[in-house]
Amino acid sequence: MRLSRGCFSTMRERISDGTLAQQILMQSGQLKQYASGIYGKNNFLVKAQTNIENIIREILESYDCIEVEFPLLQPKSIWDSSGRFDSYHASGQMFHCDMPNGTFCMAPTAEEAAIEFVRDKLKSYRDLPINLYQIGSKFRNELRSRGGLLRSKEFIMMDAYSFHASQESLQEEYDRMRSAYLEIFSQLGLKVVPVKALNGDMGGNYSEEFMYISNSGEDTMLVNDDFSMAFNTELLQMENATEYLKNTYGINTNLNEFHIERCIELGHIFQLGQRYSKSMHSYFTNSKNEKIPHFMGCYGIGISRLLAAICETNCDSDGIIWPESIVPYTTYIVYTDNRQTVANELYDELLHHGVKVVIDDRPNLSFGAKLKDAKLFGFPYIVIIGNNYQDNLIFEVEISQFPGKLYPMMSEELKVLEKSLGILKNSQKIMMQRK
């Protein structure tokens, strides 16, 4: 990609408030705020988000989940049938509008839409179980929007919905999705803690959040010393908290042995049971020829928030350091004005070999400013074509470090880069490590 073909202007100074990652994303022009809780994303964030989505797709489909798409604009009638419109409306969370042909809302979640989607298709126990997922936008009128993408009014979410013929089948799928979530977060390089939680507006009897420990987080959890047992501190607000923890989650221990951690909620899984299928009259015929409501589970991952959490973890004073699992581009070419020809030759050579490469060909920008932006944008390999090349035909290759090690899985791309550098006019190279 040529930076001259996009909108890649950066600011000299960082905003004074917000986390370090949020300041970097705003300074680098990768995050644009339109209003409180409403953001646009530039190319690098879009590419990284797409890589996250593809990892999630690959793992979910290995667990036999099927991708679909429900509407974002939904009629009020389906929310009335579940009994949730009034509560969402009263809380101020739901965006909705009155039109001449009815009232419509922007989906904050999709349990009702999922029921509508399957109700006339899942008529027999032989049709079950199934698990449908989608990846797309959701809308919630967050009254305390802050933290950039950590809490925004429009956000990208993976939400999945499973349907079953029995509670036992629902439990099996819940356990499978729990394993899938741990696999997803592990592949993204995030160590999460499954946390017992309240179901809130979702309903049902059992749920777990997947918490990432971070000082940037707005949530808090109580966790024991070996992190084998944890629950959201919201549970302590219940009048019968101790009894609820014991009866629902099997937590029967001395709470003094737990300590508090700040954290970011990245995912949440629920056993909804028959709440929605009963209220929305979604039935199937079981093996005894009895008509009963479907058993239902739902599962969500906040992809925008996940992207923000990864940025929060992987940055330093110079800029973002993208983890290799989601890096938008691997190689960044910076050159002085009199080295444009060889820079373009290298760019074309790397493109030919399938390397995800960026060339900083922005006009009217100094070499020093481009080099500073290269570190701000945060790619693994920065190829510097400057005075050393002019004097000695030496390319300088600066390698970022993540976290505490180089990018070992990118060794093939590094070999391609080294080969390409060697082809160009019998040049040499020197390697540097990001300080």
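How many residues apart are D80 and K76 in helix α3? They sit four residues apart in α3 (residues 76–82), so about one helical turn separates them.

## Ground rules

This is a predicted model: local features need pLDDT of at least 70, side-chain atom pairs count only at pLDDT 80 or more, and totals for chains, interfaces and linings use all residues. Numbering runs from 1 along each chain as its sequence is written, and side-chain values use heavy atoms, with hydrogens and water left out.

## Salt bridges

A salt bridge here is a side-chain nitrogen of Lys or Arg within 4 Å of a carboxyl oxygen of Asp or Glu. By that rule there are 18. D80 and K76 make one of them, with the closest N and O atoms 2.7 Å apart. D80 is partly exposed at 38% relative accessibility, and K76 is also partly exposed at 25% (buried is under 20% relative accessible area, exposed over 50%, partly exposed in between; 1.4 Å probe, protein chains only).

R2 pairs up with D361 at 3.4 Å. R2 lies in the segment before α1 (20–27) and D361 in the loop between β20 (357–359) and α11 (367–377), so this bridge ties together parts 359 residues apart in sequence. Helices (H or I, at least four residues) and strands (E, at least two) are DSSP runs, numbered from the N terminus.

R362 and D360 meet at 2.8 Å, N to O, and both are buried. E53, R57 and E67 are linked in a salt-bridge network.
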